[in-house]
Amino acid sequence: MTGTNQRRDGAHSDTGNLPDPGGPAPAGFGGRVRNALAWRYGSQVVAQIITWGSTLLVVRLLDPSDYGLFAMSQVVLAALAFLNGWGFANSLIQQERIGKRDIGQAFALLLALNFGLAVMQILIAPYAALYYNEPLIEDMLYIQALLFLTTPFIALPSALLSRELSFRIQAIANIVASVTGAVTALAMAWYGYGVWALVWAPIVAFTVRAIGVTIGAWPLTMPVFDFKGAGAMVSYGGAMTLCQMLWIVQSQSDIFIAGRIFEPYELGLYAEALFLTLIVSGRFLPPLNEVAFPAYAELHKAGLSLAPYFLRSVRTVAILTAPIHIGLALTAPEAIATLFGAKWMPMAPIVAGLALIMPLRSLEIICAPATNATGHPRIDVYASLFGAIVFTTGFYFGVEYGPMGLVQAWWVAAPLLLAFTLALTLPIAGVGALAWFRSIWPAIVGCAAMAVAVLALKAVLPDWPAPLRLAALAATGGLTYAAVIWLGWRSVVHDSWAMIRQRPASLPMPGDRIQTTAG
């Protein structure tokens, strides 16, 4: 979410002074990127298996109304979190050189901001409870203020480790935090603590993660509260803070608007459906962005083109995430009955509607690192502002029609935001619109074939128990999709396999023969 001056055609104004974009990447760059991806994604997969296993047990012990109350409190937490200063820590990644003073200033900003946010949330808590007409929200927010006190000890060490593409320690901390959070949630739900299981689990997980990454980055520089000379950090971090604020408006406005109109049960169904459909983009794409951001920044510092890397990222995300979302949309009743149980079945149409549009969300999310790493903060500000406007407007009108009205708002807002974001991002990445579309074409064709196969099987499938129906539909859809990709784009499969095996051929390095313009 950042930027430098660039002509409308995407070419830098000083290209004459840059190295050849097809030249060699920085020494050891490919291996470090592959290693970072392996650790970050490996840990994410393990952590999510743990979290999902716990969630599927906890969701059967709690009621939808518990999730509705938790969603209400999360709106307040998220509304303040945009000021948590994470952008100041990330500025250390983007800068070419940093010293102890820069690190100390970032640390001081993080400490000051997050202590202030914790106090602010405590002061806001009674008014939030009054807004929602739910007294329990006040006590929940008092406890959740502890989350802000862990942020400085996650943000700063993570940024320092990410700057070096060092994700091993972060991976271990993430896994241990997931285990402790999952155990906390399950134990408290089992012993009847209700919504408090959802409140305390992230606090425990964040605390453990903070301890882990702090140890990994030790010793930390002492905070420096003299901010003279921190202009670049404040400028970059300020842009990121503004983007985060707009992102919060965009992502939390549905719960904020619906919270006063829906009952906790109805809100809980929508909130949990949104959580389920955002698992891929919310849990697996951020790690990709975390690795892509320093990788893009390093390429940019070396004067090399981002286009090959960006296109492969788009293609990989489309091929891997689109069938998951579309498959979930096609099998929502069976999936909900199998995973959540009968009391959650009213959530099925909400899940199906949201899952249908989520592939576009995934493609929009991965644009940010390319503009951030090349120093174009205004790009993400514009995209975030546009998203905040279209989503909030859609939710404002859609809420009158219940949860499905919010789903229909997603159908309108998500395509508009993707189109707007691409219009600003592709020139900076040096990628043409046709090249971008070609990169997602295999996923489009594969998903279309999968949908035909699944719907045809549904029409003739006996009335088996939900788990058996889900297994049959998922196997049919998965095999159809895999066959289409294998027969139509075998080179893509080979390239993805090479990436898994960490072969040099898998690297999206400058100089690769990938078309990056429409011509």
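Residues are numbered from 1 along each chain as its sequence is written. Because the model is predicted, local features need pLDDT of at least 70 and side-chain atom pairs count only at pLDDT 80 or more, whereas totals for chains, interfaces and linings use all residues; side-chain values use heavy atoms, with hydrogens and water left out.

The protein contains 21 helices and zero strands, taken as DSSP runs (H or I, at least four residues, for helices; E, at least two, for strands) and numbered from the N terminus. Of its 519 residues, 53% count as buried, that is, under 20% relative accessible area, with exposed meaning over 50% and partly exposed in between (1.4 Å probe, protein chains only).

Gly430, whose phi is positive, near 75 degrees, follows H18.

Across the whole structure, 11 aromatic pairs are found, a pair being rings of Phe, Tyr and Trp (its six-membered ring) with centres within 6.5 Å, counted as stacked with planes under 30 degrees apart, edge-to-face over 60 and tilted for the rest. Among them, Phe386 and Phe420 are stacked, because their ring centres are 4.3 Å apart and their planes at 5 degrees. Since Phe386 lies in helix H17 (residues 377-398) and Phe420 in helix H18, this pair ties together parts that are 34 residues apart in sequence. Phe386 is partly exposed, with a relative accessible area of 24%, and Phe420 is likewise partly exposed, at 28%.
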